Amino acid sequence: MNPAPSIVFFTTASGAGYGLLFWLGVLRPLRLLPSSPSFALIALVLALLLISAGLASSLLHLGRPERAWRALSQWRSSWLSREGVAAIATYIPAGIMGIALLADRPGLATVAGMAAALGAAMTVWCTGMIYASLKTVRQWHHPSVAPGYLLFAGFTGAALLAVLGALAGRPVVPAMLAILLALFALSAKRSYWKAMDAPKPATAPTIESATGLGFIGRTRPLDPPHTEQNWLLREMGFRIARKHRLKLRNLVQFGFLALIPLALLGMLAGGPIGAALMILAALAALAAMLVERWLMFAEATHTVTLYYNGES
């Protein structure tokens, strides 16, 4: 499918922001992060800025952005609506946490932070389920897609937290967490690609099964449904050459792997050099996620293409 830049940026920026918010809410009560309110405030502001920028960019993909609020009413049946409700609801405990930090109310900040972490996880899960629930796209209707959204958000969030930790002089816990999640993310992505590259199952839709003409042999369309380019072909008929796909996959893997030595060296070096290495590690993770999100759309094939070329 056509990878819209606004959606690619949304899933990357908001995922990193929600991941950062989650780890801030979980690790701070465990005293695994710097205890100063200023550190938590900086992390919270950065997380909310990324979340807000991502959500704002997602509106650019809509034909009528001013009507986006109407989607919130369909939370009983729509994962998109649930995502919007969860995203808005998460701002409430995050805002309370910020106020509690400014007012020097550590107990309230801890409770609000944990609630914000739960809201962040719920929002990212809803985002993943938007795609995982679509049976018409084989590459999205897969059991690893929604958990993958949680994993990648946690990975990029931990990488950003490691940067803040390095600047504050305590990078070890978030950096080790980022390294561990990088290994998990790489393994999960390689398994997903292997599953997608495997031969399609016999139950996969074909033009023969769609038309019911398979009993007479191979079926092909005599004429396309449209003689000119249309919305379906622009949005759902996007194709990426195999050689480009493999190059981009290698870039994703390189970005995941590059974080590991950079984060390790950053922990060992410490000081300004360590902080600079952590920044490079986070940039490598975010760049890899941008490419991975682009591929997530570009490699997807919608069943509607059966009507145009007989292949899905």
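Let's start with a pair of side chains: Glu-292 and Lys-189 form a salt bridge, and their closest N and O atoms are 2.4 Å apart. A salt bridge here is a side-chain nitrogen of Lys or Arg within 4 Å of a carboxyl oxygen of Asp or Glu. This pair links distant parts of the chain, with Glu-292 in helix α10 and Lys-189 in helix α6 (residues 172-197), 103 residues apart. When I say helix, I mean a DSSP run of H or I with at least four residues, while a strand would be a run of E with at least two, and both are numbered from the N terminus.

Before I go on, a word on what you are looking at. This is a predicted model, in which local features need pLDDT of at least 70 and side-chain atom pairs count only at pLDDT 80 or more, while totals for chains, interfaces and linings use all residues. Residues are numbered from 1 along each chain as its sequence is written, and side-chain values use heavy atoms, with hydrogens and water left out.

Back to our pair. Are Glu-292 and Lys-189 buried or exposed? Glu-292 has a relative accessible area of 1%, so it is buried. Lys-189 has a relative accessible area of 5%, so this residue is buried too. The cut-offs are these: buried is under 20% relative accessible area, exposed is over 50%, and partly exposed is in between, with a 1.4 Å probe and protein chains only.

Glu-292 also has a salt bridge with Arg-293, where the closest N and O atoms are 2.5 Å apart. Both Arg-293 and Glu-292 are buried.

Now look at Glu-299 and Arg-249, whose side chains meet in a salt bridge at 2.7 Å, N to O. Again, distant parts of the chain are linked: Glu-299 is in the loop between α10 and α11 (306-309), and Arg-249 is in helix α9 (residues 242-269), 50 residues apart. Both of these residues, Glu-299 and Arg-249, are buried. How many salt bridges does the rule give? The count comes to five.

Next, let's talk about empty space. Rolling a probe the size of a water molecule over the atoms shows where empty space is left. The search uses a 1 Å grid over the protein atoms alone: a cavity is a set of points where a 1.4 Å probe fits but cannot get out, a pocket is an open set with protein on both sides within 12 Å along at least five of seven lines, and lining residues have an atom within 4 Å of a point. Grid points are joined across faces, edges and corners, and a volume is the space filled by probe spheres set on the points.

The largest pocket holds about 920 Å³ of space. It is lined by 31 residues, and the closest to its centre are Ile-7, Ser-58, Leu-62, Leu-80 and Glu-83. Which helix gives the largest share of that lining? Helix α3 does, with five residues.

Leaving aside neighbours within four places in sequence, Ser-58 is in contact (heavy atoms within 4.5 Å) with Ser-6, Ile-7 and Phe-10.

As for cavities, the whole structure has two of 30 Å³ or more. The largest cavity has a volume of about 160 Å³. Of its 18 lining residues, those closest to the centre are Thr-11, Ser-14, Gly-15, Tyr-149 and Ala-153. Here the largest share of the lining comes from α1, with seven residues.

Arg-31 sits in the loop between α1 and α2, and its phi is near 60 degrees, a positive value in a residue other than glycine. With a relative accessible area of 71%, Arg-31 is exposed. Asp-104, in the loop between α3 and α4, also has a phi near 60 degrees, again positive in a residue other than glycine. At 59% relative accessibility, Asp-104 counts as exposed.
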